[in-house]
Amino acid sequence: MTDDRRGPAGTAIAPDAAIDRALRALPPPRAPRTLLPRVMAAVARERARPWYSRAWLAWPRRWQAASIAALAVPGAGAVWLSPYANGGADRLVALAAAASPRLDAVWAGADVVATVVHAIWSAVLGPVAAVGFVAAVLVALGGGACWTTINHLAFDAGKGTSR
Amino acid sequence: MTDVDRFEAFVREFQDLVYGTAVRLLGRAAEAEDVSQTVFLRAFERFDQIGTSPSVAGWLKTVTTNLCLNHLTRYRARWQFFSELAPAGAGGGRALDETLAAAAASPVEQIDRTRRQARLEQALAALPDAQRVALVLFHFEARSYQQIAAALGVSLAKVKTDIYRGRAALRRALGDVDD
């Protein structure tokens, strides 16, 4: 612990031994009698909650491991299957169409809808979307700047006096 | 002995440490109880790991201090801003009454000393948050000025100023401590 007891602007502080001694001599505060039952009641409520509604760190170990695996398996599968993905969808559609003529008709209909949507997007929505995206980003940045300024003025600037 | 029994014994052992740290930093008994409960719930979540750890006292003290600082910066500042209350320490619930009541059980010949300690506790609790927190971290947590500045996210000069002003306020409040 530093023993640099200097005041603001580098002025030397007279050793305030009496205050320091008095503070050190204070007995440690004791917890009120109400604290223990209160904590144990909260613990009982916590134990009554199902494990999945608690914090992840409080889950049973096997469920923690299972959740990690559940997240890891699809990711690993996607990485492993990505080389086969090209053309896979077409082969899947061809297989489905061979299995059922009705699926072939559905696929043809979906193809037409996709073509129409693409045409509308290219002709009408695409140019507007670019402008809209830029406008949305600007609005978000402006809002963020306003909130940061208000937060700073209202809360951070008041720390020195309100704390 | 069940886990709950073990945890109850654990709370009994460390409740004074946790509550004492919280009430000194926050200056209000009700808020200190809230923070203490949160600390023990966190301990309960990790009881398998920390229950028998030799460094559990340090862990509890660190978590308590961090939660108190978080409470002061995140909640109380906003509360004061919106309600435009009087400076911290004025009102706001019972302040250390239970602690002082415990001290009142001292022998008769120590009554005067106990009274002065009670006045000092009250004066400490009535300090503005910035001054009290800096003083408590310096005196009771053995933190250096640099560590306090880093923990509070303020400049070293502000920490020195707050401690200087806090001591001056305690001197004014007591008047007769320089025996």
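Me: What share of the contacts in chain B with a separation of 6 or more is accounted for by residues 24 or more positions apart?

Reply: Two residues are in contact if their C-beta atoms, placed from the backbone, lie within 7 Å. In chain B, residues 24 or more positions apart make up 69% of the contacts with a separation of 6 or more. Please note that this is a predicted model, in which local features need pLDDT of at least 70 and side-chain atom pairs count only at pLDDT 80 or more, while totals for chains, interfaces and linings use all residues. Residues are numbered from 1 along each chain as its sequence is written, and chains are lettered from A and ligands numbered from 1 in the order in which they are written.

Me: How many helices and strands are there in chain A, and how many in chain B?

Reply: Helices (H or I, at least four residues) and strands (E, at least two) are DSSP runs, numbered from the N terminus. Chain A has 6 helices and 0 strands; chain B has 9 helices and 0 strands.

Me: What percentage of residues counts as buried in chain A and in chain B?

Reply: A residue is buried if 20 or more other C-beta atoms lie within 10 Å of its own, exposed if 12 or fewer, and partly exposed in between, with C-beta atoms placed from the backbone. In chain A, 7% of the 163 residues are buried; in chain B, the figure is 39% of 179 residues. Val4(B), in helix 1 of chain B, is partly exposed, since 14 other C-beta atoms lie within 10 Å.

Me: Which residues have the most contacts inside the largest nonpolar core?

Reply: A nonpolar core is a set of buried Ala, Val, Leu, Ile, Met, Phe, Trp, Tyr and Cys residues joined through C-beta atoms within 7 Å. The largest one here has 38 residues, and Ala22(B), Val39(B), Val133(B) and Ala134(B) have the most contacts inside it. Among the elements that give two or more residues to this core are helix 2 (35-48) of chain A and helix 7 (129-139) of chain B. Helix 1 of chain B supplies the largest share, 9 residues.

Me: Why does this core lie between domain 1 and domain 2 of chain B?

Reply: Domain bounds come from an automatic or database domain assignment. The core lies between domain 1 (1-95) and domain 2 (96-179) of chain B because both give residues to it. A second, separate core has 8 residues, including Ala22(A) and Leu127(B).

Me: At what angle do helix 7 and helix 9 of chain B pack?

Reply: Two packed helices are described by the angle between their axes and the distance between the axes. Axes are lines fitted to C-alpha atoms, for helices over the stretch in contact, and angles run from 0 to 180 degrees between N-to-C directions. Helix 7 and helix 9 of chain B pack at about 95°, with their axes 8 Å apart. This makes the two helices roughly perpendicular (65 to 115 degrees). Among the residues that meet are Ala134(B) in helix 7 and Ile163(B) in helix 9.

Me: Is helix 7 of chain B largely enclosed or open?

Reply: Helix 7 of chain B is largely enclosed by the rest of the structure, because 10 of its 11 residues are buried. Asp129(B) and Arg132(B) are included among the buried residues.

Me: Where is Ala142(B) placed?

Reply: Ala142(B) is in the loop between helix 7 and helix 8 of chain B. Ala142(B) counts as exposed, with 9 C-beta neighbours inside 10 Å.

Conventions: Parallel < 35°, antiparallel > 145°, perpendicular 65-115°, else oblique.
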